[in-house]
Amino acid sequence: FFRADQFLVSVLSMSHQPMASQSPMATLQKALALNLDESSYGTIAEIGAGQEVARCFFRAGGAAGTIAKSMSAYDMKVSDSIYGEGMRYVSRDRLHKMLSYEYNLLVDRLASHRSPQTQFFSFADTVAARSFKTKGEGHGWMGISLQLYPGAEASTLVIHVKMLDETAEAQQDALGILGVNLIYAAYNHWRNPRQLLSSLKDNLSDGRPRISIDLVEMTGNCWDGHDSRTLNMYLLEEELTSAIMFSKAGQPVLAADELYKKSALVVRGNFQPATILHQDMIKKGLAAFCESIEEPEDRIAVLAEISTSPINPSPSSAASGVKQSPGLGIPDFLGRVDTLVGLGCSVMVTRFGEFYRFRQYMHACTKRDIGIVISCRNVHDIFNESYYTHMEGGILEAFGKLFTGGTRLYVYPAVQQPDPKHSSGNESPTTTNGSRTLETLDNIILPERQYHLLNHLRFNKFMFSLEDYDRTVVERVMAPEDIRTQMLKGDGSWMESCPESVYTVIKARRLFGYNSI
């Protein structure tokens, strides 16, 4: 156990050192620093996975200086009698009710009895951790409402967390560490939200991530100037999550909620920018997917996925785990989100390069069917065996992980690229009537030994060739890199390749290097 008198000097001295030169403070040191701070005082209410956060403060010593009350209302009837009835107990709505009730009760009872320098807080979490009944990863909601200066209106920080440890004990331990990190960060890093979020992973990496945070919400006067979408993208850049989802309105949402009991159709791409070809891929892919699974369009979640990694990553980076560049930065990705929601899509920004890793993530969000629409050019990447040398089972292992759980690939034709062995120019091959040759699953050129694998996937209805496409669109739409070149030149012909909703946003926001002059 740690004693306050043993760590008082070390904690106070650490608080005056530059953060960049420090290793993360130990969990109990953070708890002790809060316990020794006479201004912070509040309530800790926890449902699920024990009272792990409160336990850290009691173990650190001096908890009476920080905790006015700690409690757990496990019984549903007891919880309902305190916080009111709800549809789900592990939910954002339930957490907000807990935070509001406990904070208002605390201030009502103690504001007139405590020092005017007191900064009140209420911390709460509602969690479904691994147990005898549930063997999967745990998840839950955690948050804090607090005064960031004496007498202030409460500001609120809420996160959704997945617990990745394999045992209940380890998940409980991680929950306690995360809770202390959150309370400490809210008080000490509130002026710098990115640092606040980054510090939530302190002491939570034992060679691999122990938690994932895939949604953050910060409200109140002290955080009013911070964009919610940028805050959630920080989670991706700080590697606190592998994916962030945006609704059709362009706002951050929880993927598991957005995809709950829905089949999903996904179009993967860079979308720099989205074109009428992408629009046709979505339209034709959706029609084919609905026919395959015999469901109407209104029961399908349609989303575009943008990866911050190449699709697929290079063989060396896939094998070594080398991190890929996040591209052109958060404003660029959010610009792409805005152009895509104009097409009626939800959008997911991820760190997945490999198709099978993306499918695994999607399967964790929905147990229904998953359709992925790709260009025929991507088929060459999927069948490139060098991408899978780091896997014991090679390409067969990767395909086993990709084509499972009702996952189907829908392949949209692409203009056939020139063969460098037989062509000295850059022009694509043409047919006898002068039209450009299109590459499909019927004429794609793969290594001879892979055709039987392609035929197996097509015969067993894992891969489909989209037939009802608009040939004019495929032949005439500019490649995204050519569109960006035309933008820089001030040549407005690029707009013919983009839907009106897309080029309107590009011009208004001056995205992708567009210059209206």
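## A walk through strands and helices

Strand E10 (residues 300–307) runs parallel to strand E11, and 5 bridges join the two. In that pairing, Glu305 has Met348 in E11 as its bridge partner. Please keep in mind, as you look around, that this is a predicted model.

E11 has another partner too: strand E7 (residues 243–246) pairs with E11 in the antiparallel sense, over 4 bridges. Here you can find Ala243 opposite Thr350 of E11. If you wonder what holds such pairs together, strands of a sheet pair through backbone hydrogen bonds, either parallel or antiparallel.

Is E11 mostly covered or mostly open? The strand is mostly covered, with 5 of its 5 residues buried. Both of its faces are covered: Ser346, Met348 and Thr350 are buried on one side, and Val347 and Val349 are buried on the other.

Now step just past this strand. Glu354 sits in the loop between E11 (346–350) and helix H13 (355–365). Glu354 counts as buried because its relative accessibility is 7%, and the cut-off for buried is under 20%. Its side chain makes a polar contact with the side chain of Arg357, at 3.2 Å.

Elsewhere in the model there is an open sheet of 6 strands in the order E2-E1-E3-E4-E5-E6, with mixed pairing. Its edge strands are E2 (67–71) and E6 (211–219), each of which pairs on one side only. On average, neighbouring strands of this sheet are turned by 10 degrees against each other, direction ignored. Helix H5 (residues 92–110) lies across E1, E2, E3, E4, E5 and E6, and runs at about 150 degrees to E3.

E5 (residues 155–163) and E6 run antiparallel and are joined by 8 bridges.

| Strand pair | Sense | Bridges | A bridge pair |
|---|---|---|---|
| E10 and E11 | parallel | 5 bridges | Glu305 and Met348 |
| E5 and E6 | antiparallel | 8 bridges | Leu157 and Met218 |

From H3, the contact uses Glu52, Val53, Cys56 and Phe57, while H6 brings Gln172, Leu175, Gly176, Gly179, Val180 and Ile183. Sorted by class, this contact has 6 nonpolar, 3 polar and 1 charged residues.

Definitions and conventions. Residues numbered from 1 in each chain as written. Predicted model: local features only at pLDDT ≥ 70, side-chain atom pairs only at ≥ 80, totals over all residues. Heavy atoms only, no water. Contact = heavy atoms within 4.5 Å. Nonpolar A, V, L, I, M, F, W, Y, C, P; charged D, E, K, R; others polar. Buried < 20%, exposed > 50% of the residue type's maximum accessible area, 1.4 Å probe, protein only. Polar contact = N/O pair within 3.5 Å; in protein donor to acceptor, adjacent residues only side chain to side chain. Pairing = 2+ DSSP bridges. Axes fitted to C-alpha atoms, helices over the stretch in contact; angles between N-to-C directions.
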